[in-house]
Amino acid sequence: MEMTGRYIINAPRDKVWTAMNDPQVLRQAIPRCDEAIRHSDTEFTAVFSFKLGFIKPRLESLISLSDIDAPNSYVMTAEGKGKLAGLAKGQANVTLHAQEEDKTLLEFHASGDMQGTIADMASKLVTKTAQRLADDFFTRFDEVVTKET
């Protein structure tokens, strides 16, 4: 599965960078996220559920950051597992571009793979759900970051 996205965040790049590295901000922005726990400056765990058709799998995901070029970019790698969800692995290259009027253009290119019962049954649904989750996340992220301005 491949995904790309471009989102305008209504906050300056430094503030967006700080928020993208704050598990508590991410917990508020990730739809149906129950917890986000920081393990180090470059690693945290997020536990969340998502709706996939008529089922709601729960996923525990270890997220690691690498190739960090603050406040411009990083590579985010995630490995998740869950009873219904099976195994999910993914990587995203995230880049922030300062824009006029204290706005930030966030671009990402992500690739991922899911294994397990759900992936076997509904690969097209998984791709659509992943895109919807990304759109929901960035809409919520913009709201959380903007609220703190």
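I started at arginine 32, which is partly exposed, with a relative accessible area of 38%. The model is a predicted one, and I keep that in mind throughout.

**Arginine 32**

I looked up where the residue sits. Arginine 32 lies in the loop between helix H2 (23–29) and strand E2 (33–40). Then I checked its backbone. Phi of arginine 32 is positive, about 55°, although the residue is not a glycine. Most residues other than glycine have a negative phi. I noted the backbone of arginine 32 for that reason.

**Aspartate 102**

I found another positive phi in a residue other than glycine: aspartate 102, near 55°. Where does aspartate 102 lie? I traced it to the loop between strand E6 (86–99) and strand E7 (103–115). Aspartate 102 counts as exposed, because its relative accessibility is 54% and the cut-off for exposed is over 50%.

**The charge patch**

I went back to arginine 32 for its side chain. Which residues gather with Arg32 in a patch of positive charge on the surface? I listed Lys51, Lys56, Arg132 and Arg140. I followed up one of them, lysine 56. Lysine 56 has its place in the loop between strand E3 (43–49) and strand E4 (58–69). Its relative accessible area is 57%, so lysine 56 is exposed. Arginine 32, at 38%, is partly exposed.

I checked omega next. The bond between alanine 70 and proline 71 is cis, with omega about -5°. Most peptide bonds are trans. I placed proline 71 in the loop between E4 and strand E5 (73–82).

**Helix H1**

I turned to helix H1, residues 13–20. Which residues of H1 are buried? I get Val16, Trp17, Ala19 and Met20. These cover an arc of only 165° around the axis, so they are on the same side of H1. I then looked at the other side of H1, where Asp14 and Thr18 are exposed.

**Overall layout**

I finished with the whole chain. How many helices and strands does the protein have? I count four helices and seven strands. From the N terminus on, I read the order as β-α-α-β-β-β-β-β-β-α-α. The protein has 149 residues, and 42% of them count as buried. Buried here means under 20% relative accessible area.

Definitions and conventions: Residues are numbered from 1 along each chain as its sequence is written. This is a predicted model: local features need pLDDT of at least 70, side-chain atom pairs count only at pLDDT 80 or more; totals for chains, interfaces and linings use all residues. Side-chain values use heavy atoms; hydrogens and water are left out. Patches are made of residues with over 30% relative accessible area and no salt bridge: like charges are joined within 9 Å, nonpolar side chains (Val, Leu, Ile, Met, Phe, Trp, Tyr) within 5 Å. Accessible areas come from the Shrake-Rupley method with a 1.4 Å probe; for residues, only the protein chains shown count as cover. A salt bridge is a side-chain nitrogen of Lys or Arg within 4 Å of a carboxyl oxygen of Asp or Glu. Lys and Arg count as positive and Asp and Glu as negative; His and the chain ends are not counted. The place of a charge is taken as NZ of Lys, CZ of Arg, CG of Asp or CD of Glu. Helices (H or I, at least four residues) and strands (E, at least two) are DSSP runs, numbered from the N terminus. Buried means under 20% relative accessible area, exposed over 50%, partly exposed in between (1.4 Å probe, protein chains only). The arc is that of the directions from the helix axis to the C-beta atoms.
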